[in-house]
Amino acid sequence: MSEDIVSNRRAAHDYEILETFEAGIVLLGTEIKSIRNGGASLQESYVKVSKKEILLVASSIAPYRFGNIHNHEEKRERKLLMHKEEIHRIQKVTQEKGLTIIPLAFYFKKGRIKVRIAIAKGKKHHDKRADLKTRDEKRRMQQALKQKNLAHFFQFHFFIQ
């Protein structure tokens, strides 16, 4: 998988990711240039299904510096490109209570910009705290193992000499 150009880091904190999809995106030339320069943001953006189309809403792509009169609108709805079966499946899933579609990242694939979207369920406050606690415990365990391995290495190294 390619490296992300822009990612929505809050998504993993606020939502439980159930399933991810890859979608193409319809962009203008100045939008592509702006994304390549790092002028995009997925904060507070979401995906909606309307009339058998999937749209990326409220994503921000900064105007291109050299775009003059041909520049794009910063926060316009952008059409996502997916197969009909995937769109229909996503539409059925989002009609369930508590599920939503969120964009996770923009990335390049074979020279084209793709969007990783996910079907997600909103986390409750206590779920977020539990995730933070487990992540903190995991980090402490890794640090302890690293310290133990270093201590063992030095004991072994100096014992041989």
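Which residues does K123 touch, not counting residues up to four places away in sequence? The tour returns to that selection after a view of the whole chain.

**Before selecting anything**

The model is predicted, so local features need pLDDT of at least 70 and side-chain atom pairs count only at pLDDT 80 or more, while totals for chains, interfaces and linings use all residues. Residues are numbered from 1 along each chain as its sequence is written, and side-chain values use heavy atoms, with hydrogens and water left out.

**The whole chain**

Display the protein chain as a cartoon. It has 4 helices and 9 strands; these are DSSP runs numbered from the N terminus, helices being H or I of at least four residues and strands E of at least two. Along the sequence, the elements follow the pattern β-α-β-α-β-β-β-β-β-α-β-β-α. The radius of gyration is 21 Å, well over the 15 Å that the globule rule gives for 161 residues, so the chain is more spread out than a compact globule. That radius is taken over C-alpha atoms, and the globule rule is 2.2 Å times the number of residues to the power 0.38. Oriented along the principal axes, the C-alpha atoms fill a box of roughly 70 × 45 × 25 Å.

Of the 161 residues, 31% count as buried. Buried means under 20% relative accessible area, exposed over 50%, and partly exposed in between (1.4 Å probe, protein chains only). Among contacts with a separation of 6 or more, 67% join residues 24 or more positions apart, a contact being heavy atoms within 4.5 Å.

**K123**

Select K123, in the loop between β9 and α4 (125–160). K123 is buried, with a relative accessible area of 18%. Leaving out residues up to four places away in sequence, K123 touches A12, H13, D14, Y15, E16, K128 and D131.

**D4 and R116**

Move to D4, which lies in strand β1. Apart from neighbours within four places in sequence, D4 is in contact with A105, F106, Y107 and R116. Show the side chains of D4 and R116: they meet in a salt bridge (3.2 Å, N to O). A salt bridge is a side-chain nitrogen of Lys or Arg within 4 Å of a carboxyl oxygen of Asp or Glu. R116 lies in strand β9 (residues 112–122) and D4 in strand β1 (residues 4–7), so the pair ties together parts that are 112 residues apart in sequence. R116 is buried at 14% relative accessible area, whereas D4 is partly exposed at 32%. For a further distance check, select Q43: D4 and Q43 are 39 residues apart in sequence and 15 Å apart in space, C-alpha to C-alpha.

**Further salt bridges**

How many salt bridges does the count come to? The count comes to 10.

Select R89 and E19, whose side chains form a salt bridge at 2.3 Å, N to O. R89 lies in helix α3 (residues 84–94) and E19 in strand β2 (residues 15–25), so this pair ties together parts that are 70 residues apart in sequence. R89 is partly exposed at 39% relative accessible area, and E19 is partly exposed at 29%.

Continue to E22 and K109, a salt bridge whose closest N and O atoms are 3.2 Å apart. E22 in strand β2 and K109 in strand β8 (residues 99–109) are 87 residues apart, and the pair links distant parts of the chain. E22 is partly exposed at 34%; K109 is partly exposed, also with 34% relative accessibility.

Then select E31, R76 and R78 together, which are linked in a network of salt bridges.

**Strand β7**

Select β2 alongside: 2 bridges join β2 to β7, and the two run antiparallel. Two strands pair if DSSP finds at least two bridges between them. I25 stands opposite L80 in β7.
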